Amino acid sequence: MTAVATEREFAEPYLRGVLATAGLDVEYTRGEGDTLYYRRGDEEIAVLDFVGGYGSTLLGHSNPEIIEYARELLAAQTPIHAQFSRHPYANDVANQLNRIVRRELDSDEGYFAIFANSGAEAIEAGLKHAEFERFVRAAGLRAQIEADIEAAREASVPAAEIDALVAEVTAHNEALFAATPLFLSPVGAFHGKLAGSVQLTYNPNYRAVFSALAAQARFVPVDEPGALDAVVRAESRVAKSLVVEGGSVRVVERPFPVFAAVVLEPILGEGGIHEMPADFVADVQRVAAELGIPVIIDEIQTGMGRTGAFLASGHLGLRGDYYAIAKSLGGGVAKAAVLLVRESRYLSDFELMHSSTFAKDSFSTLIARRVLDILEADDGALYRAAERRGAELLAALRSVREEFPDVVADVRGRGLMAGLEFVNQAESDSAALREVDASGFFGYYVSGFLLREHSIRTFPTSSAVYTLRFEPSVYIETADIERLAAALRDVCREIRDAGGARLAAIA
């Protein structure tokens, strides 16, 4: 049935209204490279896209090689729904990922692959596997305590005394074993909005309402030395057991596995494009080893070569037990994601506990393999291109900051993942700027201005709305970067010299 203009909006109408307020409610009709198109009457308008599908279009919109390959797969009737059967194409992707990760980590250890449809689902799988690990550790501790109690009952100690001690130990431990596990994550983190992943997303606007649904996180400031250790000390718990010594029985304490994992992004994406500091990375590696818990690295937005290496964590010397990879893995066409779990930590029974209807299908995994082949071609030429173009992008953004230091607070990022932070306008002399600031959507109004005045598309990071993100494809051209810089200079002049009157003037 053909839609008519009078039909009521049922597809997230509130969000549509928010977009309209900032002038961002545009219907894009096609995409190619770093360009999206919309129609204004009979005219097709080209928009330079720096959002890049939130990092999903490293190879551009409608990459010709990927599109042609997708056509071939569909024409060949590749089986998308052949669940619970052999999937050699998925194994092929897993092997190629292993070759790449082993090279980047300079390690021979393998990583088993759990496929998913999205980054948030890959994170969910990681949380579940980490909790499975913690459950096994807790079960081992429970068995040890039960053996200790049995040994105590066999000691030459009055039964009433033993019963009292057992009651004390049991009451303490039952509450402990029933408690919700904790995850550790940086302040500013974003790992998705599903029931589990949202608990590791720092922004309380996304998390607070759903905090009773799943395991909780403790968020750690990345720029405060000792903060991670302080959180661990504050949340650590001990179980109680019994030991027989010298003919008597006494209560002893045993460390209890409170924490399931540390989960972090090498570069905070939605938190404002902040790279993890070296000291914090070192603390994460040390504390995780001391606790015996896995480090889960979220490479969903940072990985796949966007920063000049397949794993952005490699720039930081950060090594993961699990890696979540998604977004550009689908080549801008397929919905593809994967969780890699280090062989020495992998629990094979997890494969019977976790599954997905669409994950590991032939279409998405074959597309993913072609994407990996493109990235690895010519000895990783695209990684070098991302590093080179990223340096151009960051240099252009820094030149804007140098020209407008009273408007631009900072420029951050690595490779083709860059952020430009504006100065807070809450105390501006301009009533228009104060009004835009008070809306809580400052970055979205700036984005609307760039779209309306310069046909450039970008958005702020969701938890740091003064920071605009720039995540173009690896094929972005120097002229495109220069065009962005010119547009940002116009924004800065509007804020500095004109009081921001045009920011909220929706055409």
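Asp410 touches Arg401, Gly419, Leu420 and Glu421, leaving aside residues up to four places away in sequence; contact here means heavy atoms within 4.5 Å. The model is predicted, so local features need pLDDT of at least 70 and side-chain atom pairs count only at pLDDT 80 or more, while totals for chains, interfaces and linings use all residues. Residues are numbered from 1 along each chain as its sequence is written, and side-chain values use heavy atoms, with hydrogens and water left out.

**Two residues**

Asp410 lies in strand E15 (residues 408–414). Helices (H or I, at least four residues) and strands (E, at least two) are DSSP runs, numbered from the N terminus. His354 is found in the loop between helix H10 (350–353) and helix H11 (362–403). His354 touches Ile114, Ala125 and Lys128, again not counting residues up to four places away in sequence. Ala125 is also a reference point for Asp410: the C-alpha atoms of Asp410 and Ala125 are separated by 35 Å, and the two residues are 285 residues apart along the chain.

Are Asp410 and His354 buried, exposed or partly exposed? The scale is relative accessible area: buried means under 20%, exposed over 50%, and partly exposed in between (1.4 Å probe, protein chains only). Asp410 has 23% and is therefore partly exposed. His354 has 18% and is therefore buried.

Each residue also has a side-chain polar contact, listed below. A polar contact is a pair of N or O atoms within 3.5 Å; within protein, one must be able to donate a hydrogen and the other to accept it, and residues adjacent in sequence count only if both atoms are side-chain atoms.

| Side chain | Partner side chain | Distance |
|---|---|---|
| Asp410 | Arg412 | 3.0 Å |
| His354 | Lys128 | 3.0 Å |

**A helix pair**

Two packed helices are described by the angle between their axes and the distance between the axes. Helix H5 (residues 119–153) and helix H6 (residues 159–177) pack at about 175°, with axes 11 Å apart. Axes are lines fitted to C-alpha atoms, for helices over the stretch in contact, and angles run from 0 to 180 degrees between N-to-C directions. H5 and H6 are therefore roughly antiparallel to each other, a term for angles over 145 degrees. Among the residues that meet are Leu141 and Ile145 in H5, and Val166 and Phe177 in H6. The contact residues divide into 9 nonpolar, 1 polar and 4 charged. Ala, Val, Leu, Ile, Met, Phe, Trp, Tyr, Cys and Pro count as nonpolar, Asp, Glu, Lys and Arg as charged, and the others, Gly among them, as polar.

Key:
Parallel < 35°, antiparallel > 145°, perpendicular 65-115°, else oblique.
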